[in-house]
Every structure is written in C-alpha cells, then in structure tokens.
Amino acid sequence: MSREVILRPVPVESPVHRLRPETKAVTLVALSLALGFHPEWWLIAVAIGLTVLVFLLARLPRKVIPRPPQIMLMAIGFSALFTGIGGGEPEVGGIGIGGLLDLARLLSIGLTLLFWAAILAWTTGLAELGGGLVRMVQPLRRVGVPAEELGTVLTLTVRAIPLIGNELKVTLDAWSNRPQEEIKSRFGLGPIAELVDVGATAVANSYRRSSELAGAIVARGGVQAPVPRPKRWRPTDIAVMVFAIGISITSFIVL
Amino acid sequence: MVSDPEDSELVAQAMSDQEGPLDPLELADAAVSAALVFSLMAIGRLLGLGLYFQLLATVVFATLATRRRFRASAMSTASAAVMGLLLGGVNPIMTTIVAGIFGWAGGVGIRKRWSRWRTITFGAVVGWPIVSGATVGLLLLFADLRQLTLDNIGNQWRGNARIFSAIGLDGAADWGSRAVDWSIEYWWIATPVVQLLISFAYSLFVWRVGRVVSGRVNRVLGPSRRSPLPAISNRPSSGRKTKKSRSGSGGSGPTLPSAAPQPVPLRVEGSTLTHRSGAILLENATFDLNPGEFVALAGPNGVGKTTLLRALSGQEPLAGLHQGVAGLGRRHGTAYIGQRPETQVLGLRVLDDLRWGLYGQTANDASDADSGNHADGAGATPHPDEIAEVLDRVGLAGFEDRYTSDLSGGELQRLALAGTLLRKPQLLLSDESTAMLDPEGRELVVNILREAARDGATVLHATHHESELAAADRVITLGREAVTSSSASPPESSAASGAPGSAELGPEADAGAEAPRQPIRKFAPPVSDRVREVEAMLRRKAEELGQAAAAIAGSDPTGVASPTSPAPTPPSPAPPAFTKPPGPVAIRLTDVGFTHAFNSPWAHESLKNISLEVRFGELVLVTGPNGSGKTTLARVIAGMEEATAGTVERVGGANPGFAFQHARLQLLRATAGVELKALAGPDAEPGVAEQWLSRLGLSPTLVADRRIDALSGGQQRRVLLAGLLGRGCNVLVLDEPLAGLDADGTDRLLEAVDEMLARNVAVVVVSHDPGWGRDKADHVVRLDAGRLVSNPEAMAIATPYPGFGSSGVEQ
C-alpha cells in the first residue's frame, strides 16, 4: 500500500502548495548545508521547528506520514543500544547519555531532511517539480554543462517515472505472488540466477518503453524539450529563499 | 551460475562514432534509465533496503553503458541525481552518482569484452579517486558533522567492544578498538582505504551481474549499433534519424533533407520487407496512397505493419517505395502516432508537449540556423490560438496548462493527435493508436483521424478492429503472400495470409511450437467453431456431472446464479437444449468494498457493496468503462488485495491465480521452460503445468528452451496460464486477456479458455468490451463507478460491441 502513495501530492490548497518548486528545493538544499556545517542542537531545533511549521502550514493531514519500515527501526534500536553501552560523557548509571545525545543529533538531522523532502513531494506534483528542476539546471550552461540537453533528459525522466514505476510495481507484484519457495530468496538470499532474471526482465521491459519514447521524439521532429514556463515569483518565494540561504550562510561563516 | 557466455555475445558492439548531442534513442534510453534508477532508489528507501536497490541501480547504469556512449551515461546519472533531491537531499544524490560512475565503468568493460580483472580494476581506478576524493572533501568541508559522525562511530564501537569483553572475546575487542581508534584519528587515510576495498567489491559485483543482465537485455532488444543500411531492423536505427537541430558540426551522420516535404502521393511497388533475423515479413507489396484518403492497414501481428509505417515515414529504406520527402515531424510533412498513450506524450504540461519539436527548433541560438534543416517553416513556434484550436478539435479545449501526468489514456492519445494535427501533416500514420483504448476512446480517435482525412491529409491507420476497418475508405491487408487492397469490406481477403500456425508467431519463432490446428479463420467464424463449441459444452457437461458430487460441499444448493440476479438465462451461445446447470461455488463475495490507500489522505473508494459468486467451470465477465473498478475487483477476487469491507470466501478448495494484462511483466525468467516451473512452484506436481500447456495448444517440449521474448503475446499469455494452472490454481482471473492480439491470437486464447472451462476451472475475465469472447460468458458483471449495475438483464449481452474481440487497456 505504501508503495502506491510514495511521492504523491496531497490535493489541498495551502501557502506551501503555492510556493514555486524551486523555492522548496533550494530551501531543502540550504537546510541540509546549514545542518552539515553546524550540527548543533539549537540549529537542529530551528530546523525541526521550521519543518513542523511548514508541515502545519501545508495543511497536510497527519495520516500522510508513513510508518517507518521495521528494518529502519531495528537499525536505530541497535545503534542506540550499542551507543548507550559504549558510553560518552555524561554517563548516568553506566549509560552514555552524551553518546546517545550525539546519536540523536545525527538521527534528527537525517530524519528532518527526509521529512522536508517528503513535504516537498506531498505539496508539489512530480511534473511541477520536474519543471522546476529543469529550470534550475539551465544556469549550469554558463559553466559548460549542456543544460538544455540535461533539461530534456530530466523532462523525459519525469515523464517516464510513473510509467516505469508502474511496470516495476507489476513486476514486484508478480514476483511476490510466486509460490513460497521463491519468495524466501527475494532479498539476495536465494539463487542469484533468479534475481538476475528478474532484474534483466525489469530492465528489458523498461528499455522497450524507451524505444517507444524515442519513436515519439522522432515523430516530433526535434529533440529538445521546451523549458516549462515558470509560475510567477511571489514575495513569499523570495522571502523563504532569502531566509533559507541566510541561515545557510550564517551557519557557515558566523558560527 | 551467473556466467552465461552466450548472453554476452551480443554485448560487445562497436559503439557508434557519434559525437555531439544525444539523438532521440540515446535520450530516451538515458531518461528511462534515470527513471528506473530513481524508482529503484525510492522503493529502496521506502523499504529500508537502500543498499540492495543501489546495487540494482548500478546494474541499470551498467546496462546503459553497454548500449550507449559516455554522454548518455553522464546525462542519465545527472538526471537521476537531480531527481535524487526529492528522496531526501545529499545522500541519495551521492548514492546515485556513485552508482552512475561504477555502473558506467563496469558497462564499458563489459562492452569492450575486457577480462574480469581488467574490468574490475578499471572500475576501481575510475571510481575510487572520484568517490573518495569527494568523500574526503565533504568531510573536510563539514568538519563539525564529521566530528559528530566519528564520535558516534567510536561510541558504537565501544558498546560493541564491551559486549565482546562481556562474552569473553577480549582479544577481538582489544584488537578492534585499536583499529577503530586509529581509523578515527587518521580518518583521512582510513576512509579512502576502506573505499578502495569497497570499490573493488562493487566493481566485481557490477561485472558479474551487469554482464548477464546487460547480455540478456541486449539480446532481447537487439544490439544498439545503427543498423547497416539497407537491412531492415525492427528497431529505430539511431543514425537515420538524428535530428541534430543543434549540432552544427554533425555532418557525418545523415541529415534531414532540406527540401519541402512531399510524402504523398506515394506508391509502393513490389516491395519486400525482411526482418533482421532474415525472416520475410512482407512480400511483393503493391499499393498507392493518395491525398485525402482514410485508409486502414490490416494484417496479423508480426506481419510488418510497424516496419512498413516506419518506411513510409522515412525512417527505414524500402525498395520499391516511390515517395517525395517524408518530412517526419515537420510541418506539412509526415506525422506518426504510436500505440501506447503514455509514451506518445513527452512534455510535462499540455502546452509544453505541443511545443515539443516545433518549439525547440527555433529556441536555439542563431549559430545553428545555418544547418538549414528546418528552413521550411517548421520552426515557427505555434501561435496560442492555433494550439487552442487544435486542442478544441481533439476535445481537449482549455487543457493548455494541465499536467500531462494527470491525463487519462484516452486523453493522452488525443493530445498526441493534437501534436500531429498542429503540424498539418500531409500524411498521418497511426500504428494501432486505438489498440489500448476503451471503445469510447477508440471512437473519438477514429473520428479525429477521419476528420483529418476530410481536411486533406492522407491517413493510414493500422488496426485489428473490424469496426475501424469498416469505417475506412479503403483497407490494405498485409499478408505473407501479398498485399491486397480493397475498397469494399475487406476482411475475407486476408484469409489468404493465413498459412496454418504461422501468423501468430513472432519473426524469431517458428511454427513448430504450436500444436496442429485447423486453418485460421479470420473475421467470419466458420461452422467448425460452432461444432467445437457444442463439443466443449458436451464435454463440460459430462465432467460437471462427474465432479459435482465431489465439489458440491461448498455449493449453494438453490443454485442462485451470480451475480445477484434472480435467474438469468446463461448467455452462452450453446443451443437451448443444453442449458447448463450452475457449477459449484468457488468464490463468494458478500458486500465487498475496497478503498485504495486505505486510511491515508489519498484514500479513494473504488468498490462498494459488491456481492457475486464465481463458480467452477463458468466464465464470469467483469466489464464496465475505464476507471469503474474492474481491475480492482479482479484483484480482490484473486486475493491480491484484501477487501476493506465485506467478506471474500473461498469455497470448495478454490485457489485463485491472477494473470496481469501485460503478460510480459509477469513472466520473469529467461526461458519458457524455466518460467513454467517457477510459476508452478516447487510444490507443484511435476508435469502438470506442461500438460496444461499442451492442452492450451502449445507444445511444452518445443517451447521449453524458447526465450520468453521470442514468444508472441498470445503464447506468453498461454505459458502464464499453464504455469498458474500447474500451481493448482482452479480460479483464474484474467485482466484484458485479448488486448493486443490479432484475430488468430484471439482464437487461440479463446480456445484455451474453453479448454479451462471444460476442465472445471472457474474463469473470471476483466474487459471493457461487453461482448468479450463472442458472448462466451456465463455471467456478466457490469461495474459503474465501483458499483454493480443494478439490472444485469439489461446489460449489453445481446448487443456486443461491433469490434472484433477486445484489445482495450484500462487507464
């Protein structure tokens, strides 16, 4: 079920939905840079606060947050166990509170960024985001990157994602509906030959779609995708961007 | 186990000596690879199995590198990396780039047939400096975060060490502590060293797995080099159609003729098409096309319709073709529309899609204008009024700013048509553009095509649908022997092409695999079928009587037929004397409801209050318009989705199996024999699946070593069914099983369904064609907006859709 709802925007009206996709992406990058430069509690607290604020502003229902996969919870649990035993000042009753706090910092940075990316996806359609990304890579042509071409590939990538994702889903579906013996070998434990077969089938099926896409490009008589028209810049966009970049620069230079 | 020298034969290819920007094939491969990588990464993150899916992504990039030049790999990696931003920032971006580098390096080694050690060394030598340079750089830059991470590693290790000590492994703890402490102190040495080891292991993996996967893929798709002219390849040949509108220097490859397009009138005279395997697709074809004609193109699958259309659009050479400049994609030239709606539309928004090609040709810097490729006026960016008018013509008025990802299949196909109409083509080629649409969508498309013909374009529309053939001014029927063109109702003439058992097979297959059968009938069912149906009925009746006692346990003695209708007469085509008693119940749905993405913001109810029964030996047809919940209902019946309301009972040992619409996606192994065993599973009785396969009309011994991709679509479906039956499934749910099959494939599949019914298997067919299978259905369940249509008697059983068979696709 969760596979169906990944990267799907929640159709509600909100100030966050109205922001340009570039704004949201730049904010994400700025936030991750700031946290990278300065992983201190107060900044983490600011980042978490901002994220929660944006989440509320976006009028996203709490139900959008998926249950974390068990394997992730287990990994976190084990890390916490070892860290606690391992110590780190201050220690209380043989448990390293300092070490646990460090771990908590790392985890909250990772989760905050992941959550921010999720908000990005929940408030922006993939196509709209793709358009934003295409526009964002255009300035790269100044440094010699064939940005138009990259834009074209990006556009086609965004077009192809639902198609390919759907085919992958059917393949995984078909796979998980196989008789028991084969399912056991799903995650690399079983015969590699089978994994190779499945992988080859998935890739080959995708490339079939690719030759259809190529046919459509040829039929248009041109290879270059038009750069999508942007949404209007609004004062909020500029304010949010200035704020995010400001935090990032401050954390780098001042602190 | 992994090494498969045969598979790697096709891998090593001379890469084309192309330079400059990517051509359409390269672009599409790069984009599809990036999309595949992104999807894999997303799934990996969601399942918490990032590393596993990163390895898969690397194999994807390796495969791309065996097919395309470095530029394509670089673009694909960059595109996937930019998209990685959506998966949570820096980490997925880095992961994608790492996968791209190692994938490319491995792919190059595989393509150049390097030895294992050379490939691995190359991968490590290319990948390691970049990866560890970037890592060390980032660690230097983010000093605080680095310290935090290193502290954490130290803490965690100390925890481990204490556990080791506690269980008496003091030595390990001690030794490990020294190593970890040293690594933390000298992280700028330890990190690159560890990464060097990882690089070798990674490259080894890419070499082992990538070699086999890319070998299989390249064998299935054919080598990626441009096809040497004048041989005909089934695939687009990259060289012929590089529209390097921006590469001023790309003079080595063939360029577009700059003359004004003049695709029609055209004449094909005594032409012969040969597949690259050497099989003759089409012999001695002769016909004309004149301005303003609406011509249908008929003929069984694999006869060369697509290849012919490609030739007429100037993408393949064809001896005996007399035509002016085709001018594909140019204004007043040739326009082409393909089968699958999702791949016909390229832009993210409707407006961008319509401008694709037309827009790009003018938006470039003036320095490229000297190539003169599009001096005929194709370059003018279409005026908004023009776009609005074209959208209005295809029934999409006001759609300019809509995202194409929100459009339905029918809307996408009409948008693609708008793109062609915008070019005011003289020749409009449609390669089964209606095959994936529901009846309503088909009608709309055909009307648009007809209107285009009325406006002066020559329309050539390939199709299997009888109603569409009838709607054309003229039908050209391709067969192996000859091409016939008739102005009257055509289909009878095509019987000439029906050499027994040959038509359904793909070009690489041979006739031997098919069990012997009568000559193929085309569109008019002969008497023998009637006889066969009565025979099947008698057989079924006899078996039913025998089995009724055994299976009666769970059945409903009153014999109320499904669905909820009080007493429908079985709509079977049998003579009235053989009114069939209802079979024992297999699956009973009571007040079933289903909500997609239950308990999430995307929750969407797609089924409500469904009650019906599926009985052994009976065919239930689930029908309804697109989006009515047919496929969801089928998945619920098959137990692939759990109903969110009501109950689904399996009675009398019912064991459902599900056949997806695209059989190819469900057949995962390389050859039919292996696939059959895998589908049946380890617990299956040996030989049962093979027995079923021969009952369904395919010889197991002949098919066993056949690669799945060498089988036709209909054969693939039958392999799938035999595998499921071999597993012990006795309730088969088939989603649009006739989609994309020609008349012969349809016949064979319907025979297979008869055979299953005769052996008391319950069959549920999902189709948007209410006359599916020529009214074979014992019961028809009609859905509308997720609910059963209340009055089943009023259903269109008596007035089936005039189309022959069905080949619609939901969505």
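## Contact between the chains

Two residues are in contact if their C-beta atoms, placed from the backbone, lie within 7 Å. By that rule, 113 residues of chain A are in contact with 118 residues of chain B. This is a predicted model, in which local features need pLDDT of at least 70, side-chain atom pairs count only at pLDDT 80 or more, and totals for chains, interfaces and linings use all residues. Residues are numbered from 1 along each chain as its sequence is written, while chains are lettered from A and ligands numbered from 1 in the order in which they are written.

Helices here are DSSP runs of H or I with at least four residues, strands are runs of E with at least two, and both are numbered from the N terminus. Several helices of chain A give two or more residues to the side that touches chain B, including H2 (21–37), H5 (97–123) and H7 (147–176). H9(A) gives the most, with 25 residues. By class, this side of chain A has 64 nonpolar, 32 polar and 17 charged residues. Nonpolar covers Ala, Val, Leu, Ile, Met, Phe, Trp, Tyr, Cys and Pro; charged covers Asp, Glu, Lys and Arg; the others, Gly among them, are polar.

## Chain A

Chain A has 10 helices and 2 strands. From the N terminus on, its elements run α-α-α-α-β-β-α-α-α-α-α-α. Of its 255 residues, 49% are buried. A residue is buried if 20 or more other C-beta atoms lie within 10 Å of its own, exposed if 12 or fewer, and partly exposed in between, with C-beta atoms placed from the backbone. Among contacts in chain A between residues at least 6 apart in sequence, 73% join residues at least 24 apart.

Domain bounds come from an automatic or database domain assignment. For chain A, that assignment gives domain 1 (12–124 + 232–255) and domain 2 (125–224). Their C-alpha centres lie 29 Å apart. Contact between them involves 5 residues of domain 1 and 7 residues of domain 2. The domain 1 side divides into 2 nonpolar, 1 polar and 2 charged residues.

## Chain B

Chain B has 24 helices and 18 strands. Of its 811 residues, 55% count as buried. Among its contacts between residues at least 6 apart in sequence, 75% join residues at least 24 apart. The domain assignment gives domain 1 (7–221), domain 2 (265–347 + 409–496) and domain 3 (534–618 + 625–655 + 778–797 + 804–811). The C-alpha centres of domain 1 and domain 2 of chain B are 46 Å apart.

Helix H13 (409–421) of chain B has 13 residues. From first C-alpha to last, H13(B) reaches 18 Å, close to the 18 Å expected at 1.5 Å a residue. The expected span is 1.5 Å times one less than the number of residues. H13(B) is largely enclosed by the rest of the structure, because 12 of its 13 residues are buried. Among them are the charged residues B:Glu411 and B:Arg414.

## Sheet and core

An open sheet of 6 strands in chain B has the order S14-S15-S16-S12-S17-S18, with mixed pairing. Two strands pair if DSSP finds at least two bridges between them. S14 (656–659) and S18 (787–788) of chain B stand at the edges with a single partner strand each, so one side of each has no neighbour in the sheet. S12 (619–623) and S16 (762–766) of chain B pair in the parallel sense over 4 bridges. B:Leu619 stands opposite B:Val763 in S16(B).

B:Val763 also touches B:Leu732, B:Leu734, B:Val753, B:Met756 and B:Leu757, among residues beyond four places away in sequence. A nonpolar core is a set of buried Ala, Val, Leu, Ile, Met, Phe, Trp, Tyr and Cys residues joined through C-beta atoms within 7 Å. The largest has 263 residues, and those with the most contacts inside it are B:Val37, B:Leu732, B:Val763 and B:Val764. Helix H1 (24–47) of chain B supplies the largest share of this core, 16 residues.

## Two loop residues

B:Asn290 lies in the loop between S2 (280–289) and S3 (294–298) of chain B. B:Asn290 is partly exposed, with 13 other C-beta atoms within 10 Å. The C-alpha atoms of B:Asn290 and B:Pro265 are 4.7 Å apart, though 25 residues separate them along the chain.

B:Ala326 sits in the loop between S4 (321–322) and S5 (334–337) of chain B. B:Ala326 is buried, with 26 other C-beta atoms within 10 Å. Its C-alpha atom is 4.4 Å from that of B:Pro263, 63 residues apart along the chain. Beyond four places in sequence, the contacts of B:Ala326 include B:Pro261, B:Leu312 and B:Gly333.
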